[in-house]
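The following briefing is arranged by topic and is meant to be read alongside the sequence and the coordinates.

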Amino acid sequence: MSTTYLALEVRRTFRDRRSYLLALVLPPAVLVIVGMDEPGLLVSVALYGAVLATATGGASVAAERAQGWTRQLRLTPLRPGAYAITKVLASMTLGGLSMVVTFAFGALQGVRMPVAAWVGCALVGWLVSAPFAALGLFAGYLLPVEAVTRVLSPVVTLLAVAGGLFVPLGGVLGDVAPYAPTWGAAVLARAPLSGELDGWAVVNVAVWTALFVAGAAWRFRRDTSRV
């Protein structure tokens, strides 16, 4: 993988104003709407921002395909797999920044946690947002550029709601929530607060990671096999 290309990709990602709006403005706005009663809610909303940033960042491949950029890259020594990994890492950079900004906003608003919890929740939340970059790649290779953002952003938001990121769910919704991909990520991101590791959350993240990666790989192979 070319570190030069990775640096260029990161800079290009940070020039996208829409990405800034979604990653840096929306999560603090959600905190204002739902309130900041407890650290767990702050972690969940920060995770939502990171997931949204990584997913939409990965989906930017749709615009590059429409512009013919991916076809041009095939004429270079850069391998197709390295291109996909570069997209994921660039998306995670924006997701990490979203986590930092959201946590800083929460701290300024009076949310208090031990230092170890701040660091642990931020690091774990950033790591478990990575599989959603694969979801973004899958959408970017599957949908046309004019539809990918309009589809992906609401899908991520619905997954966040279904996983109980913003408010606890009860009844039938509460029974279904543990099967949502955002549920396992949220439980693991909040684990440094309680010091307890939920085994089902690990399974949840592992299974959905495998599904997202498989979907992205499938579409990626079909796209790169074209003449």
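From the N terminus onward, the elements of the chain run α-α-α-α-α-α-α-α-α-α-α-α, which corresponds to twelve helices and zero strands. The model is a predicted one, and of the 227 residues in its chain, 48% are buried. Among the contacts between residues at least 6 apart in sequence, 75% join residues that are at least 24 apart.

**The nonpolar core**

- The largest nonpolar core comprises 55 residues, and those with the most contacts inside it are Leu 47, Tyr 48 and Phe 103; helix H3, which covers residues 39-59, gives the most to this core, with twelve residues.
- Once neighbours within four places in sequence are left aside, Phe 103 is in contact with Leu 42, Val 43, Ala 46, Trp 118, Cys 121 and Ala 122.
- Two of these partners of Phe 103, Trp 118 and Cys 121, are listed among the buried residues of helix H7.

- Gly 49 lies in helix H3 and counts as buried because its relative accessible area is 0%, where the cut-off for burial is under 20%.
- With residues up to four places away in sequence not counted, Gly 49 touches Pro 27 and Ser 98; from C-alpha to C-alpha, Gly 49 and Thr 157 are 9.8 Å apart in space, although 108 residues separate them in sequence.
- Thr 102 belongs to helix H6, which spans residues 80-108, and Thr 102 is likewise buried, with a relative accessible area of 0%.
- The C-alpha atoms of Ala 90 and Glu 9 are separated by 6.3 Å, while the two residues are 81 residues apart along the chain.

**Packing of H8 against H9**

- Two packed helices are described by the angle between their axes and the distance between the axes.
- Helix H8, residues 131-142, and helix H9, residues 145-162, have axes that come within 10 Å and cross at roughly 145°, and the passage of H8 across H9 is a right-handed crossing.
- On the H8 side the contact is made by Leu 135, Gly 136, Ala 139 and Gly 140, and on the H9 side by Val 148, Leu 152 and Leu 159.

**Helix H9 and Ser 153**

- The 18 residues of H9 should span 26 Å at 1.5 Å a residue, and the distance of 26 Å between its end C-alpha atoms agrees with that expectation.
- Ala 147, Val 148, Leu 152, Ser 153, Val 156 and Ala 160 are the buried residues of H9; of these, Val 148 and Leu 152 also take part in the contact with H8.
- Ser 153, found in helix H9, has a relative accessible area of 14% and therefore counts as buried, the cut-off being under 20%.
- Neighbours within four places in sequence being left aside, Ser 153 is in contact with Leu 22, Leu 52 and Thr 56.
- H9 is followed by Gly 164, whose phi is positive and near 70°.

- Helix H7, residues 115-128, has 14 residues and reaches 20 Å from its first C-alpha to its last, close to the 20 Å expected at 1.5 Å a residue.
- Within H7, the residues Ala 117, Trp 118, Gly 120, Cys 121, Gly 125 and Val 128 are buried.
- Helix H11, residues 181-194, also has 14 residues, and its end C-alpha atoms are 21 Å apart, in agreement with the 20 Å that it should span at 1.5 Å a residue.
- H11 is mostly covered, since ten of its 14 residues are buried; these include Trp 183, Val 187 and Leu 188.
- Just after H11, Gly 195 takes a positive phi of about 75°.

Terms used:
Residues numbered from 1 in each chain as written. Predicted model: local features only at pLDDT ≥ 70, side-chain atom pairs only at ≥ 80, totals over all residues. Heavy atoms only, no water. Axes fitted to C-alpha atoms, helices over the stretch in contact; angles between N-to-C directions. Helix = DSSP H or I, 4+ residues; strand = E, 2+ residues; numbered from the N terminus. Left-handed = near helix turned anticlockwise from the far one by under 90°. Contact = heavy atoms within 4.5 Å. Expected span 1.5 Å × (residues − 1). Buried < 20%, exposed > 50% of the residue type's maximum accessible area, 1.4 Å probe, protein only. Core = buried A, V, L, I, M, F, W, Y, C linked by side-chain atoms within 4.5 Å.
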